[in-house]
Amino acid sequence: MRKNNWYITIGVGFIALAILLKVFNLQHNTSIFFQGFSTGLGLVLIVRGFIMNRKKQK
């Protein structure tokens, strides 16, 4: 069984949160801020997870 990489899991969760906020289509500045923040942090965590996976495989 493959062990989960928590960075990738949390990153995908943040991107899902950003998509969910986009679907609700809230026109508040805080909603727009959290969409950008969640997307950026999610991408950073996914990249970090892939880098850690490559280091473990070597």
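These legends describe close-up views of a predicted model. Residues are numbered from 1 along each chain as its sequence is written, and side-chain values use heavy atoms, with hydrogens and water left out. Because the model is predicted, local features need pLDDT of at least 70 and side-chain atom pairs count only at pLDDT 80 or more, while totals for chains, interfaces and linings use all residues.

**View 1. Ser38, a buried residue in helix α2.**
Ser38 sits in helix α2, which covers residues 29-57. Helices here are DSSP runs of H or I with at least four residues, strands are runs of E with at least two, and both are numbered from the N terminus. Ser38 has a relative accessible area of 2%, so Ser38 is buried. The cut-offs are these: buried is under 20% relative accessible area, exposed is over 50%, and partly exposed is in between, with a 1.4 Å probe and protein chains only. A polar atom of the Ser38 side chain lies 2.8 Å from the backbone oxygen of Phe34. Which residues does Ser38 contact, leaving aside its neighbours within four places in sequence? They are Phe14, Ile15, Leu17 and Ala18. Contact means heavy atoms within 4.5 Å.

**View 2. The phenylalanine cluster of Phe33, Phe34 and Phe37.**
The whole structure holds 2 aromatic pairs. One of them joins Phe33 and Phe34, edge-to-face, with 5.5 Å centre to centre and 65 degrees between the planes. The other view of Phe33 is with Phe37: the ring centres are 5.9 Å apart and the planes are at 15 degrees, so this pair is stacked. Rings of Phe, Tyr and Trp (its six-membered ring) pair if their centres lie within 6.5 Å; planes under 30 degrees apart are stacked, over 60 edge-to-face, and the rest tilted. Ring pairs link Phe33, Phe34 and Phe37 into a cluster. Phe33 and Phe37 both lie in helix α2, 4 residues apart, about one turn of the helix. Buried or exposed: how does Phe33 count? Phe33 is exposed, at 52% relative accessible area. Phe34 is partly exposed at 44%. Phe37 is partly exposed too, at 43%.

**View 3. Asn5, ahead of helix α1.**
Asn5 lies in the segment before α1. Its relative accessibility is 15%, so Asn5 counts as buried. A polar atom of the Asn5 side chain lies 3.2 Å from the backbone nitrogen of Tyr7. Where sequence neighbours within four places are left aside, Asn5 is in contact with Gly49, Met52 and Asn53.

**View 4. Ile46, a buried residue facing several partners in contact.**
Ile46 belongs to helix α2. Ile46 counts as buried because its relative accessibility is 16%. Beyond its neighbours within four places in sequence, Ile46 is in contact with Tyr7, Ile8, Gly11, Val12 and Ile15. How many residues apart along the chain are Ile46 and Val12? They are 34 residues apart, yet their C-alpha atoms are separated by 7.2 Å.

**View 5. A nonpolar surface patch that includes Val23.**
Leu17, Ile19, Leu20, Val23, Phe24 and Leu26 make a nonpolar surface patch of about 580 Å². Patch residues have over 30% relative accessible area and no salt bridge; nonpolar side chains (Val, Leu, Ile, Met, Phe, Trp, Tyr) are joined within 5 Å, like charges within 9 Å. A salt bridge is a side-chain nitrogen of Lys or Arg within 4 Å of a carboxyl oxygen of Asp or Glu. Accessible areas come from the Shrake-Rupley method with a 1.4 Å probe; for residues, only the protein chains shown count as cover. Val23 is found in helix α1, residues 6-24. Val23 has 62% relative accessibility, so Val23 counts as exposed.

**View 6. Gly36 and Lys22, with two C-alpha distances.**
Gly36 lies in helix α2. Gly36 is partly exposed, with a relative accessible area of 48%. Gly36 and Phe14 are 22 residues apart in sequence and 10 Å apart in space, C-alpha to C-alpha. Lys22 lies in helix α1. Lys22 counts as exposed, at 58% relative accessibility. Lys22 and Lys55 are 33 residues apart along the chain, and their C-alpha atoms are separated by 35 Å.

Definitions and conventions: A polar contact is a pair of N or O atoms within 3.5 Å; within protein, one must be able to donate a hydrogen and the other to accept it, and residues adjacent in sequence count only if both atoms are side-chain atoms.
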